[in-house]
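Welcome! Let us take a walk through this structure together, one piece at a time.

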Amino acid sequence: MSVPSEALAKSRQTISAYEDYAERYDAIVRHVPNEREQASLKRLVAIAGTAGRILEVGSGAGYDADFLEGLGVTVRRTDATKRFLELQAARGKHGELLDLLTDDLGGPHDAVLALAVLIHVPRDQIDQVLVKIAGSLRPGGAFLVSMRNGDGETSGEYHTVYWRRDDFAARLEAAGLVLLRDDFNLGRNDEEWNTFLTVRPS
């Protein structure tokens with residue numbers, strides 16, 4: 001399915017902004033997930049299996065992938081921002097360039113991870129992206145995703161879409177995923193986040 005030009009333009013602008021910001025982001029982001037994040041990642045691995053293969057979309061600086069690999073799984077690191085992949089390569093980590101809107105995700109994967117990534121997917125494209133992610137999972141595979149909580153969206157350098165918990169849960173279920181649990185937390189600058197753990201039915 002083709003992606004509308006307006007959606008592509010928003011996505012390209014966001015990617016361009018991250019190209020410029022990647023090194024600053026790497027400097028300020030936590031290099032080890034906090035206890036809450038570690039618990040979410042461990043739940044993902046519990047479903048994927050310790051010999052599992054996990055697709056991470058939007059790996060960024062790659063520190064969540066580092067933690068996951070420490071648990072024994074194989075992580076396919078991907079990002080749409082070349083500079084993030086270069087930063088990972090500089091410390092010996094291989095990643096692939098992948099655009100959620102336009103690229104095939106491959107699979108079947110034991111799990112897919114998308115933390116603070118789908119917030120940049122235009123609202124009118126989220127259903128297609130979620131169906132694509134669900135289709136890349138093996139039966140029984142897991143999907144862990146975090147989204148900004150709220151209404152509306154912001155433009156500017158980083159196009160960010162906000163979703164209320166119930167609205168996004170409904171989108172996940174419409175994509176054929178079963179919601180296992182969700183958690184609410186406050187991030188930097190008191191930003192509200194919802195994290196969802198889902199599975200593709202066996």
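## A walk through the fold

Start at the end of helix H2: just after this helix, Gly-49 takes a positive phi of about 95°. Keep in mind that you are looking at a predicted model.

Now step back into helix H2 itself, which spans residues 35–48. With 14 residues, H2 reaches 20 Å from its first C-alpha to its last, close to the 20 Å expected at 1.5 Å a residue. Which residues of H2 are buried? They are Gln-38, Ser-40, Leu-41, Leu-44, Val-45 and Ala-48. Seen down the axis of H2, these buried residues fall within an arc of 160°, so they line one face of the helix. Glu-35 and Ala-46, on the other side of H2, are exposed.

What do the buried residues of H2 pack against? Their partners are E1, H3, E4, E5 and E9. The helix as a whole lies across strand E1 (53–56), E4, E5, E8 and strand E9 (192–199), and H2 runs at about 165° to E5. Helix H3, residues 63–70, lies across E1, strand E2 (74–79) and E4, at about 170° to E2.

Those strands bring us to the sheet. In what order do its strands stand? The open sheet is formed by 7 strands in the order E3-E2-E1-E4-E5-E9-E8, with mixed pairing. Strand E3 (95–97) and strand E8 (178–186) are the edge strands, each pairing on one side only. On average, neighbouring strands of this sheet are turned by 20° against each other, direction ignored. As background, strands of a sheet pair through backbone hydrogen bonds, either parallel or antiparallel.

Let us look at some of these pairs. E1 and E2 pair in the parallel sense over 4 bridges, and Arg-53 has Thr-74 in E2 as its bridge partner. E2 is mostly covered, with 5 of its 6 residues buried. Strand E4 (residues 109–115) and strand E5 (residues 137–148) also pair in the parallel sense, over 6 bridges. Here Ala-111 stands opposite Ala-142 in E5.

How do E8 and E9 run, parallel or antiparallel? They run antiparallel, joined by 8 bridges. Val-178 finds its bridge partner in Val-199 of E9. E8 and E9 form a hairpin with 5 residues between them, and in the turn Asn-189 has a positive phi of about 60°.

Another helix to visit is H6, residues 165–174, where Phe-168, Ala-169 and Leu-172 are buried. They cover an arc of only 105° around the axis, which puts them on the same side of H6. The face turned away from this buried side carries the exposed residues Asp-166 and Ala-174. On the buried side, the residues of H6 pack against helix H5 (126–135), E5, E8 and E9. After H6 comes Gly-176, whose phi is positive, near 95°.

Thr-81 sits in the loop between E2 and helix H4 (82–89). Is Thr-81 buried or exposed? Thr-81 has a relative accessible area of 2%; the cut-off for buried is under 20%, so Thr-81 counts as buried. Setting aside residues up to four places away in sequence, Thr-81 touches Ile-15, Tyr-18, Glu-19 and Leu-97. One of these, Tyr-18, is 63 residues from Thr-81 in sequence, yet the two are 6.6 Å apart in space, C-alpha to C-alpha.

The other loop residue is His-159, placed between strand E6 (153–154) and strand E7 (160–161). His-159 also counts as buried, at 5% relative accessibility. Which residues does His-159 contact, leaving aside its neighbours within four places in sequence? The list is Lys-10, Thr-14, Ile-119, His-120, Pro-122, Glu-153 and Thr-154.

Conventions: Residues are numbered from 1 along each chain as its sequence is written. This is a predicted model: local features need pLDDT of at least 70, side-chain atom pairs count only at pLDDT 80 or more; totals for chains, interfaces and linings use all residues. Side-chain values use heavy atoms; hydrogens and water are left out. Two strands pair if DSSP finds at least two bridges between them. Helices (H or I, at least four residues) and strands (E, at least two) are DSSP runs, numbered from the N terminus. Axes are lines fitted to C-alpha atoms, for helices over the stretch in contact, and angles run from 0 to 180 degrees between N-to-C directions. Contact means heavy atoms within 4.5 Å. The expected span of a helix is 1.5 Å times one less than its number of residues. Buried means under 20% relative accessible area, exposed over 50%, partly exposed in between (1.4 Å probe, protein chains only). The arc is that of the directions from the helix axis to the C-beta atoms.
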